[in-house]
Amino acid sequence: MSTPSQVDYPAAVAAQTAGFVGAVAGADLATAVPSCPGWTLADLVKHAGSVQRWFSVLLRQRIQERPTSREVDLELPEHETDYPEWRAAGAAAAAAAAAFTAAGDLNNPMWAWGADQHARFWVRQMLFETLLHRVDAELALGLRPTVDHDLAADGVDEFLVNLPFAAFFAPRTANLRSSDGEQTIRFSCADADRDWLVRLRADGFGLDQEAAAVTADATVRGSAQDLLLLVYGRLDLAAGGFEIVGDEELLARWFANSAF
């Protein structure tokens, strides 16, 4: 079941950004990033830094309507060798934007593509975008990522709450529906008191916030970190560490269509 988060989002943004910057400092930017097929570390640094800068602009402007353009002044260096320093400079700007928003109130109304139409939506998005790409960088460099279990559980919640609204950039989510009554999938944390039930209906899918006692058609149980990496496609269900009960075909359909 989805529960209110106790995460300090601005502080977590700063910490995850620092972790990303630290991971890529001095690394060979030509290194392939297996969790982002076709990308090198240079591509990953450019993408993560660009997205954070865009989020920062949205937060400072407190936008009230869907942006017509994602163009911002990225101040991107001419040479890839300068990307790490550029990323570090952007990190400070991102942390400042998150802190600025928190000072003005994370509950301020803002346009957002997801369920939560408040400033905190974008700070939360910035956090997990940064965290996942920090993980990508560490995996590419042969490091073993770690994610605090409460933070990871909040990331699973963020993903599942917003996925029903993601069809405009994740069109395969349209396949996450049931043609024969309702079907249910439960995601359960083994190391945190968090649990989510997703209902697939004929008209779409979404979280059921009041279904703690429902026996799901399929259940995946694992650590919060593993569940976070699983829903975001950084771990495979067959990788081990998961307890799987019920309809494996339903789970296969979920993971084939929920990735973005």
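A salt bridge is here a side-chain nitrogen of Lys or Arg within 4 Å of a carboxyl oxygen of Asp or Glu. The model is predicted, so local features need pLDDT of at least 70 and side-chain atom pairs count only at pLDDT 80 or more, while totals for chains, interfaces and linings use all residues. Residues are numbered from 1 along each chain as its sequence is written, and side-chain values use heavy atoms, with hydrogens and water left out.

**View A. Salt bridges of Arg199.** Arg199 and Asp208 meet through their side chains in a salt bridge of 2.6 Å, N to O. Both Arg199 and Asp208 are buried (under 20% relative accessible area; exposed is over 50%, partly exposed in between; 1.4 Å probe, protein chains only). Arg199 also forms a salt bridge with Glu182 (3.0 Å, N to O). Glu182 is partly exposed, at 43% relative accessible area.

**View B. The salt bridge of Arg124 with Asp157.** The closest N and O atoms of this pair are 3.0 Å apart. Arg124 is buried, with a relative accessible area of 14%, and Asp157 is buried at 4%.

**View C. Packing of helix 5 and helix 6.** Helix 5 (residues 149–162) and helix 6 (residues 224–231) pack at about 30°, their axes 8 Å apart; axes are lines fitted to C-alpha atoms over the stretch in contact, and angles run from 0 to 180 degrees between N-to-C directions.

Methods:
Helices (H or I, at least four residues) and strands (E, at least two) are DSSP runs, numbered from the N terminus.
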